[in-house]
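Here are my comments on the model, point by point. Please read them with the structure open.

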Amino acid sequence: TTGYRGVVTKLRDIGEQACSLAAALSDIGDAWSFLILREAFYGRTTFSEFVKYTNAQKTVVSARLTALVDAGIMRREQYSTHPPRDRYVLTTKGRDLSDALLVLGEWGRRWADDDKYFMVDFVHDSCGHTVDPQLSCGHCGGMITPDTTTPRINPRP
């Protein structure tokens, strides 16, 4: 539903905005979905693992997994028929969220209260050093920051 001047007034309708970020957020959903994705990147695949490690209610995890599967971010695979059990694995679309999760996690590391939260280090397999995620231009290699970029609206026909 849109309100005054076409402003989206319901979270579920955010994807109606002509914006790639809004479209992405519409597919991902909410914070619970990000936590499920975090656990998927940590290698967890089962419903019970997602419930345990996100501390979300079963109904929340069920709804978010369904939405992530519907959005093509995760895929459901049956691994047991008696009793029927599924695992949830990241698709290529889902794995492509790794950069966003690393950068968001680094932002949280920088601004979180260190005494309250534990921090997760990601180690680069090829060099053995802790990852310090940074954005750089694929063309020139320069660092990307708010001070070095200018948004340019590029509407599609």
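Notes on the model

1. Ile 144 sits in the segment after α6 (98–111). The model is predicted, so local features are taken up only at pLDDT of at least 70. Ile 144 has a relative accessible area of 35%, so the residue counts as partly exposed, since that class runs between 20% and 50%.

2. Ile 144 also belongs to a surface patch. Together with Val 103 and Leu 135, Ile 144 makes a nonpolar patch of about 220 Å².

3. The largest nonpolar core counts 18 residues. Ile 36, Leu 37, Phe 50, Val 61, Leu 65, Ile 73 and Met 74 have the most contacts inside this core. At least two core residues come from each of α2 (31–41), α3 (47–54), α4 (58–70) and β2. The most come from α4, which gives four. In soluble globular proteins, nonpolar side chains tend to be buried together.

4. Beyond its neighbours within four places in sequence, Leu 65 is in contact with Ile 36, Phe 47, Phe 50, Met 74 and Tyr 88.

5. Is Thr 91 buried or exposed? Thr 91 is buried, because its relative accessibility is 15% and the cut-off is under 20%. Thr 91 lies in the loop between β2 (84–90) and α5 (92–95).

6. Look at what surrounds Thr 91. Neighbours within four places in sequence aside, Thr 91 is in contact with Gly 72, Ile 73, Met 74 and Arg 75. A polar atom of the Thr 91 side chain lies 3.1 Å from the backbone oxygen of Ile 73. Ile 73 and Met 74 are among the core residues with the most contacts.

Note on methods
Residues are numbered from 1 along each chain as its sequence is written. This is a predicted model: local features need pLDDT of at least 70, side-chain atom pairs count only at pLDDT 80 or more; totals for chains, interfaces and linings use all residues. Side-chain values use heavy atoms; hydrogens and water are left out. Buried means under 20% relative accessible area, exposed over 50%, partly exposed in between (1.4 Å probe, protein chains only). A polar contact is a pair of N or O atoms within 3.5 Å; within protein, one must be able to donate a hydrogen and the other to accept it, and residues adjacent in sequence count only if both atoms are side-chain atoms. Contact means heavy atoms within 4.5 Å. Patches are made of residues with over 30% relative accessible area and no salt bridge: like charges are joined within 9 Å, nonpolar side chains (Val, Leu, Ile, Met, Phe, Trp, Tyr) within 5 Å. Accessible areas come from the Shrake-Rupley method with a 1.4 Å probe; for residues, only the protein chains shown count as cover. A salt bridge is a side-chain nitrogen of Lys or Arg within 4 Å of a carboxyl oxygen of Asp or Glu. A nonpolar core is a set of buried Ala, Val, Leu, Ile, Met, Phe, Trp, Tyr and Cys residues joined through side-chain atoms within 4.5 Å.
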